[in-house]
Amino acid sequence: MKIFYLSISLLLLGGCNEVYIPDPVELRIAKYSEEGHQVGGAIVNGDSWKTISSRCYLFGGCDASSMHIQAFPDTDSLVVSFLGSMQDGVREGDDLDFQFILKGLSIQDFHDMRQLNGQKYILNDQDVWAQIGRFDPYYEDSSALTPCNRGQILFRKVKHRVSDNQGSYPGYILAGTFGLECEQNGSLTTIYQGRFDFFIENGGVIFPYDTLF
């Protein structure tokens with residue numbers, strides 16, 4: 001199934017530095033926090049995964065953001081993406097990104113992000129989808145993406161904060177948890193203990209995805 005979005009994205013991740021504090025129980029991933037530490041982590045088929053600090057692409061361009069939030073007001077849709085890579089195991093060093101597509105959200109301006117506070121979105125093939133793979137804005141190959149058939153994302157906390165960057169831009173901390181089961185060609189990928197903690201600013205426009213899946 002393919003879903004087409006024609007609007008451009010509206011939100012851009014702020015430029016704060018990553019703060020990595022290991023989880024006291026599972027040392028291979030970041031501790032869950034709600035401080036805007038600019039980091040996410042998860043266990044993927046028993047191995048650890050972490051968001052990246054930067055990535056460059058084969059056909060040009062570099063991306064310094066590991067969480068993307070893209071609003072499509074015309075279709076009441078929001079796309080949340082986490083860019084990362086495997087940290088250990090047989091796939092150590094491999095890029096792996098997670099993407100959630102949420103419909104029925106009227107995000108018309110930056111402060112509408114508050115709608116997410118405390119909300120849980122469970123995959124249902126109707127208005128909540130997810131997929132994993134490697135998302136390249138310059139060369140998108142949807143056949144390489146794996147759909148997820150079970151899972152959820154929970155925005156535990158969305159709270160206002162003023163950036164300590166030059167200009168003191170207002171923004172929001174988005175923190176939460178997620179888990180997924182994704183399968184393609186008989187190969188199952190299980191993602192659990194997923195967590196994220198990011199600070200976003202109302203700072204500009206990022207690239208659009210024309211086709212999601």
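In strand β7, V79 is the bridge partner of Q70. Strands, like helices, are DSSP runs numbered from the N terminus, with at least two residues (E) for a strand and at least four (H or I) for a helix. The structure is a predicted model, in which local features need pLDDT of at least 70 and side-chain atom pairs count only at pLDDT 80 or more, whereas totals for chains, interfaces and linings use all residues. Residues are numbered from 1 along each chain as its sequence is written, and side-chain values use heavy atoms, with hydrogens and water left out.

The pairing of β7 with other strands was examined next. Two strands are taken to pair if DSSP finds at least two bridges between them. Strand β6 (residues 67-72) runs antiparallel to β7 and is joined to it by six bridges. The hairpin of β6 and β7 has four residues between the strands, and in this hairpin D76 takes a positive phi near 50 degrees. An antiparallel pairing over nine bridges also links β7 with strand β8 (residues 95-103). Within β8, I101 is the bridge partner of V79. Strand β3 (residues 47-51) is likewise antiparallel to β7, with three bridges between them; here T51 stands opposite G84 of β7.

Accessibility was classed by relative accessible area: buried means under 20%, exposed over 50%, and partly exposed in between (1.4 Å probe, protein chains only). Ten of the ten residues of strand β7 (residues 77-86) are buried, so this strand is largely enclosed by the rest of the structure. In a regular strand the side chains alternate between the two faces of the sheet.

Charged side-chain contacts form a further group of features. A salt bridge is defined as a side-chain nitrogen of Lys or Arg within 4 Å of a carboxyl oxygen of Asp or Glu. By this rule, the count comes to seven salt bridges. One of them is formed by the side chains of E181 and R150, at 3.6 Å from N to O. E181 lies in strand β12 (residues 170-184) and R150 in strand β11 (residues 146-162), so the pair ties together parts that are 31 residues apart in sequence. E181 is partly exposed at 26% relative accessibility, while R150 is exposed at 53%. E26 counts as buried, with a relative accessibility of 17%, whereas R28 is partly exposed at 33%. A salt bridge also links D94 with R91, whose closest N and O atoms are 3.6 Å apart. Both partners are partly exposed, D94 having a relative accessible area of 35% and R91 one of 33%.

Positive phi angles also occur at two loop residues. Q38, although not a glycine, has a positive phi of about 60 degrees. Q38 is placed in the loop between β1 (12-13) and β2 (39-44), and counts as buried at 5% relative accessibility. N185 is not a glycine either, and has a positive phi of about 55 degrees. The loop that contains N185 lies between β12 and β13 (187-201). N185 is exposed, with a relative accessible area of 79%.
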